[in-house]
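Visitor: I would like to learn how to read helices and backbone angles in a model. Where do we start?

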Amino acid sequence: MARKRKHLRNAAIPIAKRRVGATSTSRTVQLKTERDRAFRLERANDVRAGKWLDMQSDPISIVASVLVKTEQAQERRAKRKAKKQNQTQTSHRADSRVLVHKADFEFDLEASAADDEAVDSIEHDIDEEIQKPVAGVAYIALLKSLPTEMISEDTLQHLAKIGSRGSPYVSRTVSTSAGHKPGNNKASKRRTNGHTAQNVLLPSAASRSTQVPKHMNDMTIGDMIYILVNHLVWKDLEVDEFLSYSSDFLFLFIHALNRHSEKQGNVTIQIIDRRKSVDKNEKPVPFWSALDLATQFDIYNSDYVWDHCIEGDLHPRKFTREYLTWDSLRHTNSTLLQANLTNLVANGLFKLFPDFETPRGCGRVGLYRGQVRCRAIGYPPKGDAPMTVELLMLVRKLALHFGTKSNVGGYRLAGVGQPHLYVFLNLLTFHKRPAQDAIFLSWILTHYGGTDKQTYSDIEELYMSADGTIHEGITDVAENLPGVMQYLDLLRNCVNVFNLTPLPDNVVGTACDDRDFRDEDDRLNQSTDLFWSIEDDKKNRDRK
């Protein structure tokens, strides 16, 4: 019986060596990830200890660097295309010579001139094809259209002035790892660049050992627009110095649930006290409304030809609830905790708002579409969700996961302290609540009332400054944020029940840059789906 011979080529290459090429790239990525993670932890510990990177701002323009790299990539692409066309042309000529020899040179000499002309015309078309615009031309035109002048001192002073507008508290969602689309491990999700703990927050650029920090007073307007736009459309650049926060609790929970469904590790929600956030000089950190920054730097200027693919993402309705900070910060309010989403679910989150729960075998729809649908569910044209003692007890139980006004960890001891009123009120905003609800007012009187002035300060600190004035812009709210309006109405009830300094009426914004909020919300609301089938999605992918 003949013995089957091994393939010599495979036999000559050891198995270990054959695998090296396949794993070297992934190993390099793994090493880079580990190095970045170690740097983030070291940097975070330094910031906690009051040690900051003392580096000069990078003088190189970001837009100029990206422009050079894009033009170089375009040139390489054009050369590859020209080389491919040349190879194709040479191949066609070789085939033509073979056909001529096979015909034993039986051709008309007078027709050869016409044939040469035809070849020339084809070559001319090939040259014209090479000269056609290739990918990147529009992007280069956009980069060249951005302003190159430096951010002025007047602009910096204005930014410092408007950095304290709005609520003294904001919130953000955090996850610890990358994930993937439900049911599709190949559709990986990037983890958020940066590092977040309750007492220190690092943006992407500050958590990369290869990045030199950028200071606003050393930047061009074009660089600022480039970073701001990419941040608002979730591009997550490594040079990004912005950190995002939200004024809307509905966004926070939908964002957290989406991350949880995508297996993005441990997902938490944290509350940030803006008054207790300091920079490396122990100075207050400005928090800007994303809409204010978009207006200040004129990102909707008609001279900037944005890619039509991101124009929808840049619609201001998608970041009416968003606040931004620049560079790292240290948060010093130790009464606030990061609430773990898993613990919130285990303690009754889905009882508070059943539509948060994802059915088995389903994935969640997009972030903004999910917000539009949940707002339509929680805020129908008619009818309010009544308050009950059981509801308020559930809300208190959930709110205690974010800390208490007494001390850190007080929520672990039954009956110790009350949850932050900011969290307690916001957890009631997933549904439309009746005005001046008797059960709610009685609860506030019982749990947040008292004879000492300190008790009332827990309410006043939500809208009053230390100098006795009302926070500027705290009642300014976009029309597509009914939850924020509801929070202000509930806060107003708390203020009135104790006869404190009145909270002004809400100032509702209806448009931004002549763009109507309702049109896009109504379009997204045409579909009533909050989830999609993982099985159907797999069938569609297999069919393709």
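Guide: We start with a cut-off: a residue is buried when its relative accessible area is under 20%, and exposed when it is over 50%. The model here is predicted.

Visitor: Which residues of α13 are buried?

Guide: They are Leu367, Tyr368, Gly370, Gln371, Val372, Arg373, Cys374, Arg375 and Gly378. That makes nine of the twelve residues of α13, so the helix is largely enclosed by the rest of the structure.

Visitor: How many of the residues of α18 are buried?

Guide: In α18, 13 of 16 residues are buried, and the helix is mostly covered.

Visitor: Where is tryptophan 234 found?

Guide: Tryptophan 234 is in the loop between α7 (221–232) and β6 (242–246). Its phi is positive, near 65°. With a relative accessible area of 46%, tryptophan 234 is partly exposed.

Visitor: What is the phi of glutamate 282?

Guide: Glutamate 282 has a positive phi of about 60°, although it is not a glycine. Glutamate 282 lies in the loop between β8 (277–278) and β9 (288–289), and at 47% relative accessibility it counts as partly exposed.

Methods
Residues are numbered from 1 along each chain as its sequence is written. This is a predicted model: local features need pLDDT of at least 70, side-chain atom pairs count only at pLDDT 80 or more; totals for chains, interfaces and linings use all residues. Side-chain values use heavy atoms; hydrogens and water are left out. Buried means under 20% relative accessible area, exposed over 50%, partly exposed in between (1.4 Å probe, protein chains only). Helices (H or I, at least four residues) and strands (E, at least two) are DSSP runs, numbered from the N terminus.
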